[in-house]
Amino acid sequence: MKWKKSVLGVLALGASAGLMLTGCSGGASSGGSSAGAGSDGYKIAFIQGVAGDEFYISMQCGIESAAKDAGATVTTQGPEKFDPTLQKPLVDSVVASKPDAILVAPTDVKAMEAPLKAAADAGIKVVLVDTTVDDPSFAVSQISSDNKGGGAAAFDAIKEAHPEGGKVLVVSVDPGISTTDARAEGFQEAVKGDDKFTDLGVQYSHNEPSTAAEIVTAALQKDPDIVGIFAANLFAAEGSATGVKQAGKEDSVTIVGFDAGPAQVKQLKEGTVQALVAQEPATIGKDGVAQAIAALNGDKVEAKIETGFTIITKDNVDGDAKDAVYQSKCG
Amino acid sequence: MSAVKQAEMGPETTAIETAKDRETPIRKLFKAQAFQIFIVLLVVIAIFSAIAPDTFAQLSNLRLVVQNASILAVLGVGMTYVIITSGIDLSIGSVLVFSGVVSATTMRAMGGDDWGTAIVGIIVSIGVGILWGTFNGILISKAKVPPLIVTLGSLGMALGLAQILTGGVDIREVPSVLTDSIGYGNIFGAVPIISVIALVVVIIGALVLHKTKFGLYTYAVGSSEEAARRVGVKVDRHLIRIYAISGGLAGLAGILSLSQFGTTAIAGQSQTNLNVIAAVVIGGTSLFGGYGTIFGTVVGLFIPAVLQNGFVITGVQPFWQQVAVGAVLILAVYVDQVRRSSAARGGSTSFWRALVSRKKK
């Protein structure tokens with residue numbers, strides 16, 4: 001077979017370049033492959049609920065700084081969507097990499113039980129951060145915000161803005177996520193306790209801001225006199241604010257969002273959103289690391305920790321509440 | 001026949017090419033694209049094993065990778081048949097969800113927790129899948145609507161109907177006999193039952209495709225539908241059967257997914273159809289019909305699964321896996337195109353030769 005001249009030329013160049021490189025780097029030792037885990041540092045794996053969400057990124061920052069203080073190493077993985085079919089293979093792979101402890105935010109109360117139980121059976125300490133599962137007995141500890149209280153506090157914010165009462169709507173994520181379900185429950189219970197307000201129910205946005213926007217514009221078409229919308233997480237809040245802006249109802253509708261990512265803070269400053277209930281993801285992360293290390297050292301662990309929240313409004317966003325805003329990058 | 005006419009005949013001329021074959025079986029094996037992709041898979045496994053010997057190269061890890069790929073393998077068999085007929089089936093993810101929903105609703109209504117309920121659920125799931133597949137097949141063969149459009153439509157309809165049936169709320173009551181045995185049970189203590197089921201489907205699929213008249217007709221229809229029709233193959237009925245098989249396997253995958261996750265996971269499976277199509281194409285099946293193997297599909301499935309697993313274990317961002325799979329996919333179709341065009345010119349079907357040899361002008 002006669003070779004193509006261009007291919008021969010590329011091969012010749014490649015071969016000579018290769019020879020030159022090996023000649024030059026001759027004595028450079030490959031050195032030990034790093035990952036520099038201190039000989040007594042624990043290996044902690046953090047599995048987020050979804051990658052790219054500032055709530056989980058802030059949690060990652062908290063985990064990494066707490067781990068650094070404790071001399072442990074952290075690897076972080078997250079599925080591209082908040083979905084158990086995507087999270088399960090990740091959990092399996094992480095378990096195969098044999099960490100000492102896993103901090104995980106399960107994406108479904110039922111579907112993630114079996115894979116995480118398998119992790120616990122393999123001797124790995126499992127700490128549930130943010131969300132939980134139906135039967136958390138295999139986990140060392142569960143740490144989350146007081147989501148029900150947060151939902152009730154959101155209703156108080158709407159009540160303050162509209163003391164005369166009216167219709168309110170909840171935009172949640174997907175049923176079966178323990179945190180957003182608890183927030184919606186807290187909000188709806190508070191609404192039930194007040195006759196002046198009518199509960200229009202819960203709509204699910206599947207963690208897509210575009211879906212949340214569509215839901216809100218459709219709801220406003222059906223009930224133009226909605227006075228308050230409670231958006232149960234970061235993406236729901238982003239989308240709901242967009243929906244209200246599209247419908248041109250920024251002045252009449254009060255939106256209270258859960259979570260305080262940079263886009264939501266921008267919407268807060270613009271006035272489309274009136275209040276944000278910020279959780280403390282970094283604290284959840286730090287507590288998670290502390291509980292994991294306590295379990296690994298054989299010390300006493302706390303089975304359930306509830307962290308607090310801050311209500312951010314336009315007045316305090318640049319003042320007292322500045323640190324409560326979530327980070328999109330660590331450091 | 002002049003050289004010009006031969007060049008215009010397209011995929012039919014691969015048949016002429018294989019008639020000229022006088023190579024030994026070993027040489028033919030090495031040239032098969034499925035085998036070349038298998039070598040790629042082995043190389044990937046070797047690289048990850050070298051980087052992480054005590055975490056990646058463990059039987060327990062391999063077990064989990066196989067278990068997670070099992071549902072996709074079942075879908076891949078159906079998709080291979082469909083793509084060989086130069087069609088496509090985008091609706092498998094939604095049919096999976098819909099059949100899971102109908103099955104879970106039936107089992108919940110029946111109430112029991114035993115094998116009686118479970119078997120009814122399995123039959124319902126597969127039956128519903130076959131119905132959707134037949135629906136697709138009838139529209140594609142009788143109404144002559146392109147497969148891309150029909151299956152795109154049934155993707156939306158099946159998912160929408162599933163959400164209507166459940167009100168958007170996942171059903172979480174699955175009989176524990178299913179989750180304990182199929183979902184997480186093992187034979188001989190180590191081999192996951194779900195993988196055994198997938199293996200059985202793969203073997204049956206391969207035998208039917210390569211050894212029966214049904215398989216031969218599938219290749220014929222894919223290679224040239226008009227020629228097959230004139231020779232006497234009942235093309236319309238065959239296409240309906242092919243899509244019914246694809247739907248039925250999606251129904252089977254639905255009950256397997258229900259067993260493994262314990263919930264209908266309505267919001268999931270949005271990218272399953274594209275992942276399966278990518279796996280089938282990477283494995284050497286030609287998108288233009290007429291050529292493909294089940295073995296190639298299985299190998300094509302394992303490459304993304306092994307890549308993701310390896311990246312997670314070695315601590316690389318798993319997003320690189322999507323970059324890698326996308327690149328391999330484009331490469332696989334490019335290789336297929338080069339082979340087809342050199343076959344059309346009457347030259348050898350070796351990709352290597354087409355790339356590096358000096359072409360006779």
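Chain A of this predicted model splits into domain 1 (43-145 + 280-307) and domain 2 (147-278), with bounds taken from an automatic or database domain assignment. The centres of the two domains of chain A, taken over C-alpha atoms, sit 28 Å apart. Their contact takes 12 residues from domain 1 and 11 residues from domain 2 of chain A, where two residues are in contact if their C-beta atoms, placed from the backbone, lie within 7 Å. On the domain 1 side, helix 2 (54-70) and strand 5 (141-145) of chain A are the elements that give two or more residues; helices (H or I, at least four residues) and strands (E, at least two) are DSSP runs numbered from the N terminus. That side of domain 1 of chain A has four nonpolar, four polar and four charged residues. Here Ala, Val, Leu, Ile, Met, Phe, Trp, Tyr, Cys and Pro count as nonpolar, Asp, Glu, Lys and Arg as charged, and the others, Gly among them, as polar.

As for numbering, residues run from 1 along each chain as its sequence is written, while chains are lettered from A and ligands numbered from 1 in the order in which they are written. Local features need pLDDT of at least 70 and side-chain atom pairs count only at pLDDT 80 or more, whereas totals for chains, interfaces and linings use all residues.

Now for the packing. The largest nonpolar core holds 193 residues, and Ile44(A) and Val74(B) touch the most other members. Such a core is a set of buried Ala, Val, Leu, Ile, Met, Phe, Trp, Tyr and Cys residues joined through C-beta atoms within 7 Å. Helix 13 (residues 235-261) of chain B is the top contributor, giving 15 residues. Domain 1 and domain 2 of chain A both give residues to this core, so it lies between them. Leaving aside neighbours within four places in sequence, Ile44(A) is in contact with residues including Ala67(A), Val74(A), Pro99(A), Leu103(A) and Val289(A).

Over in chain B, Phe98(B) is found in helix 6 (residues 92-110). Phe98(B) counts as buried, with 30 other C-beta atoms within 10 Å; the cut-offs are 20 or more for buried, 12 or fewer for exposed, and partly exposed in between. Beyond its neighbours within four places in sequence, Phe98(B) is in contact with Val128(B), Ala158(B), Leu161(B) and Ala162(B).

Finally, the two chains themselves: their contact takes 28 residues from chain B and 27 residues from chain A. Helix 5 (59-84), helix 15 (294-313) and helix 17 (351-356) of chain B each give two or more residues to the chain B side.
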